[in-house]
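Please open the structure in the viewer and follow the selections below in order.

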Amino acid sequence: MPLPKDPNWFRREATLGRYVSALDGGDLEAVEAVLTAAMDDPELAAALDAVHLAYQEEMQLGPAAQDVALVRELVRKHFQSAFADDQAVFGQEEPLTVHDVALELEYTRRVPAADRSANAQLLHNRQPVPAQLSLQAVKQLAQEVGVQASERFWKLFRDTAIMLGIGRSHQQALSAAREEGRLTPGGEETASGGHH
Amino acid sequence: MIPLLTTGVEFRIAAAIARVYRDAGLDADALRAGVVPLYSLIGAYPLRVVEVVSLTYGSAREFLQKESRQQVPVPEQPDRPLAGFLYIYGYRDQFYGCILVKKDGQTVARRRFSAAHELGHYLLHFLPRLEETAGSGTAPWMISEGLDLPGEDEPEPPSGQLFFSGGERWSGKRTSSPPSS
């Protein structure tokens with residue numbers, strides 16, 4: 001197997017190893033140290049995002065909003081010193097970025113083989129995705145970021161961004177409802193539906 | 001060619017069709033006769049289209065929960081078979097949606113009909129409400145709508161305004177009602 005060209009690769013690998021060990025061992029000081037280091041190292045931050053997603057999946061937290069809310073509470077309780085406020089912890093109030101979508105594509109292993117290099121480039125891009133996620137808007141975004149990728153890739157990118165948008169909107173609404181003490185058991189305030 | 005309008009409903013439908021072409025950056029009058037670029041039309045909005053095997057309210061919920069990693073309430077009757085399903089979630093004037101279409105046992109025409117049916121709901125019922133209430137509050141809202149499967153003896157959906165354009169098929173027959181109710 002060829003060795004990675006990035007001289008920082010081994011350092012990041014070692015840091016990730018320490019981070020996972022610290023999480024498993026409940027060593028919050030070590031966790032905080034790594035998270036602080038990630039603030040100045042986007043590559044490390046992206047790798048930590050992948051670790052968090054893997055943990056989330058492993059713990060089967062995905063579909064259960066109450067579990068997500070519980071974890072939010074625990075993190076807020078235990079990681080206050082590492083972050084200025086709750087919004088910063090999860091970035092839920094931040095706009096959805098190209099990085100977020102690329103990371104999700106990477107994590108869910110949906111990147112077509114021919115587009116892996118393109119997605120790797122997008123992992124470094126913190127530009128917000130368009131608020132109106134139309135085909136035209138995503139085409140425009142593709143031109144702006146200057147990354148060559150297949151049409152299929154950009155379709156996957158758009159589809160993934162839409163689902164992330166649904167998830168993030170849910171989380172923002174839940175967070176706001178919790179703060180205002182108006183959270184309903186279903187986590188929804190307004191809902192309508194039907195069939196025919 | 002704009003159809004001859006005789007009722008308010010037909011006017012609303014024609015206006016919605018004109019709008020969706022405009023939003024998609026397409027010139028309806030310039031299109032050659034043939035199959036309408038349905039997925040380009042849907043793509044004008046933040047809607048994802050997915051074909052799902054054995055679509056029911058339950059499988060729709062499972063799909064949405066898996067993809068969004070959130071709890072998604074949908075109408076009861078989880079085993080009720082569906083031809084199509086529309087889900088939209090909105091918060092703070094931003095919304096995203098998903099159109100699910102039953103994949104198995106459905107012809108291409110039928111699947112396109114289901115997708116177009118849900119787009120019709122979005123354009124005629126949901127989008128006007130979204131625009132009327134824009135900026136009026138911060139409460140989240142969720143909308144879902146399911147399209148029942150047609151009966152075995154029901155015919156294939158006819159070619160409506162969202163299916164074909166150009167020539168006589170663009171002459172104003174309103175055929176967008178679902179084959180089942």
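Which residues of α9(A) and α3(B) meet? Select A:Met163, A:Ile166 and A:Gly167 in α9(A), which meet B:Leu64, B:Glu67 and B:Ser68 in α3(B); contact here means heavy atoms within 4.5 Å. By class, this contact has 3 nonpolar, 2 polar and 1 charged residues.

The model is predicted: local features need pLDDT of at least 70, side-chain atom pairs count only at pLDDT 80 or more, and totals for chains, interfaces and linings use all residues. Residues are numbered from 1 along each chain as its sequence is written, chains are lettered from A and ligands numbered from 1 in the order in which they are written, and side-chain values use heavy atoms, with hydrogens and water left out.

Next, display helix α9 (residues 151-180) of chain A with helix α3 (residues 57-68) of chain B; their axes come within 8 Å and cross at roughly 85 degrees. The two helices are therefore roughly perpendicular (65 to 115 degrees).

Now select B:Tyr87, in strand β3 (residues 82-91) of chain B. B:Tyr87 counts as buried, at 0% relative accessibility (buried means under 20% relative accessible area, with a 1.4 Å probe and protein chains only). Its contacts beyond four places in sequence include A:Ile166, A:His170 and B:Leu64. The side chains of B:Tyr87 and A:His170 are joined by a polar contact of 3.1 Å (a pair of N or O atoms within 3.5 Å, one able to donate a hydrogen and the other to accept it).

Finally, move to B:Lys102 in strand β4 (residues 94-102) of chain B. B:Lys102 is buried, with a relative accessible area of 11%, and its side chain makes a polar contact of 2.9 Å with that of B:Asp104.

Notes
Axes fitted to C-alpha atoms, helices over the stretch in contact; angles between N-to-C directions. Helix = DSSP H or I, 4+ residues; strand = E, 2+ residues; numbered from the N terminus. Parallel < 35°, antiparallel > 145°, perpendicular 65-115°, else oblique. Nonpolar A, V, L, I, M, F, W, Y, C, P; charged D, E, K, R; others polar. Buried < 20%, exposed > 50% of the residue type's maximum accessible area, 1.4 Å probe, protein only.
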